[in-house]
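Please keep the sequence and the coordinates in view while reading.

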Amino acid sequence: MSAREFNFDGLVGPSHNYAGLSFGNVASFNNVKSASNPKQAALQGLAKMRALAARGFAQAVLPPQDRPNFRLLRSLGFTGSDADVLARAYKESPVILACAYSASPMWTANAATVSPSRDTADGRVHFTPANLNNKLHRALEYVQTTRALQAIFADERHFAVHDALPSTPAFGDEGAANHTRLCAQHGLDAVEMFVYGRVEFDPAAPAPKRYPARQTLEASQAVARKHGLAEARTVYVQQNPDVIDQGVFHNDVIAVGNANVLFYHEQAFADEQGALFQLRQAMAGVDAELTAIRVDTDMVSVQDAVHSYLFNSQLLSKDGGKMALVIPQECQENAAVSRYLEGLVASGGPVDELVHFDLRQSMRNGGGPACLRLRVALTDAEASAMHQGVVMTEALYHTLVAWVEKHYRDKLEPQDLADPALAVEVHTALEELARILGMPGLYDL
Ligand SMILES: NCCC[C@H](NC(=O)CCC(=O)O)C(=O)O
């Protein structure tokens, strides 16, 4: 059966800010407390969605989450009116206030792991929202993520939206940022590759020393079980702990796959040859042959990969069989990376086009093109069964741009999070957004 890959991009929320909340994410740490521009951030994201939709790629949008998260603030003992809660949190723990205000759900690659119906035992599309339990500001997300996915994929004949895994370190789950589906074509049988950073129940397994490994093997296995994936078509690969210690906090900072192509850095995996062997063997079972595009360290260092986000790109299949690589502008500003990319498109291999976007506002928090999207491969019947209000069209693009222009600030500094007017602005904006998207119960405002 034919299927199309929809990219669900996160719409950047009105409180996009730089709070240095992600230890191990170099950009988040480097830009701590600098001023952000939420309006520009949202417009940059929308421009990417519009351009890809105009090219004929299936594109949809996932709405931002309600911020600040008053449930968090109140649960931590900040009481009184909303204004009191904000004032006390800002005074006593500005970092907790920043967590409650983070717009991090914009990086929807971390929203969930998705298994298309072709891969699952019951023939439905399965979603497991990621618990993101490694960071306080992200551990809040799964509640609203689940609500949004249930609203969009409500038809239980086609879709299963699971609960997140238990929110404890043993089951650290960061969603699709550590998950890749490899196949000959989207509608055909596939191998699902899960990349993990550490093993909870085997203290002897290698693990990073400096920065946290956010994804565990146990979490990946649990997601595969819940989705009903076949063992022969599921591969677990350990990320190289040394690259986690150099700022590769998710596998999608050092590798990206699409159809039968895996584009990766030679240092991405703990055992490169072992990983390729397992993938080739599993893919032979689905009549697909792996095309591995390996980037050597002497062409692009891990540091250049982390700074340019070369691998945090989208690899998109075009009509005719070739692929486009959607990259952030930073790739062209890095001499080694841009030289590498010139060679890549000239090589006669599967990638014959580069499409670049200015996503600077997101990049400054460590999120590139691939972080901003969740891939959901759907058959035609499934695509018509999901909520249609989130599908990106020219009309929706213009409506959302006008909505952003009306509600978003163009500058947010750390002290602005204490401004009670900001909370009111965000609520007003989101109420209107729920109407625009035709999702009246989207928020629990
Ligand atoms: N897939 C990209 C995720 C980027 C995200 N950054 C952040 O949450 C930074 C937020 C801040 O520091 O304000 C993270 O590290 O999980």
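**Sheets, helices and rings**

Asp 9 has Arg 373, in β15, as its bridge partner. The two residues belong to a pairing of strand β1 (residues 3-10) with β15, which is antiparallel and extends over 7 bridges. Helices and strands are here DSSP runs (helices H or I, at least four residues; strands E, at least two), numbered from the N terminus, and two strands pair if DSSP finds at least two bridges between them.

The model is a predicted one, in which local features need pLDDT of at least 70 and side-chain atom pairs count only at pLDDT 80 or more, while totals for chains, interfaces and linings use all residues. Residues are numbered from 1 along each chain as its sequence is written, and side-chain values use heavy atoms, with hydrogens and water left out.

The pairing of β1 with β15 is part of an open sheet of 3 strands, ordered β2-β1-β15, with mixed pairing. Its edge strands, β2 (59-62) and β15 (373-379), each pair on one side only. From one strand to the next, the twist averages 30°. Helix α2 (residues 38-54) packs on this sheet, where it touches β1, β2 and β15, and its direction makes about 155° with that of β2. Contact means heavy atoms within 4.5 Å; axes are lines fitted to C-alpha atoms, for helices over the stretch in contact, and angles run from 0 to 180 degrees between N-to-C directions.

A further open sheet consists of 3 strands in the order β12-β13-β14, and its pairing is mixed. Because β12 (314-317) and β14 (351-357) stand at the edges with a single partner strand each, one side of each is left without a neighbour in the sheet. The twist averages 25° from one strand to the next. β12 pairs with strand β13 (residues 323-328) in the antiparallel sense over 4 bridges, and the bridge partner of Gln 314 in β13 is Val 326. On this sheet α2 packs by touching β12, β13 and β14, its direction making about 145° with that of β14. Helix α13 (residues 335-346) packs on the sheet as well, touching β13 and β14, with about 140° between its direction and that of β14.

Which strands do the buried residues of α8 pack against? They pack against β3 (112-115), β4 (125-129), β7 (190-196) and β8 (234-238). Of the 11 residues of helix α8 (residues 217-227), 8 are buried, so the helix is largely enclosed by the rest of the structure. Buried means under 20% relative accessible area, exposed over 50%, and partly exposed in between (1.4 Å probe, protein chains only). Among the buried residues of α8 are Leu 217, Ala 222, Val 223 and His 227. Just after α8, Gly 228 takes a positive phi of about 70°.

Ile 293, in strand β11 (residues 291-295), is buried at a relative accessible area of 11%. Leaving aside neighbours within four places in sequence, the contacts of Ile 293 include Val 261, Phe 263, Tyr 340 and Val 351. Asn 69 lies in the loop between β2 and α3 (70-75) and is buried, with a relative accessible area of 9%. A polar atom of the Asn 69 side chain lies 3.0 Å from the backbone nitrogen of Leu 72. Not counting residues up to four places away in sequence, Asn 69 touches Ala 100 and Leu 140.

Ala 423 has its place in helix α17 (residues 420-436) and is buried, with a relative accessible area of 6%. Ala 423 and Asp 82 are 341 residues apart along the chain, yet their C-alpha atoms are separated by 8.6 Å. With neighbours within four places in sequence left aside, Ala 423 is in contact with Pro 68, Phe 70, Leu 86 and Tyr 101.

Rings of Phe, Tyr and Trp (its six-membered ring) pair if their centres lie within 6.5 Å; planes under 30 degrees apart count as stacked, over 60 as edge-to-face and the rest as tilted. By this rule there are 12 aromatic pairs. Trp 403 and Tyr 408 form an edge-to-face pair, at 5.3 Å centre to centre and with 70° between the planes; both Trp 403 and Tyr 408 are buried. Ring pairs also link Phe 6, Phe 8, Phe 127, Phe 153 and Phe 159 into a cluster.

Technical notes
A polar contact is a pair of N or O atoms within 3.5 Å; within protein, one must be able to donate a hydrogen and the other to accept it, and residues adjacent in sequence count only if both atoms are side-chain atoms.
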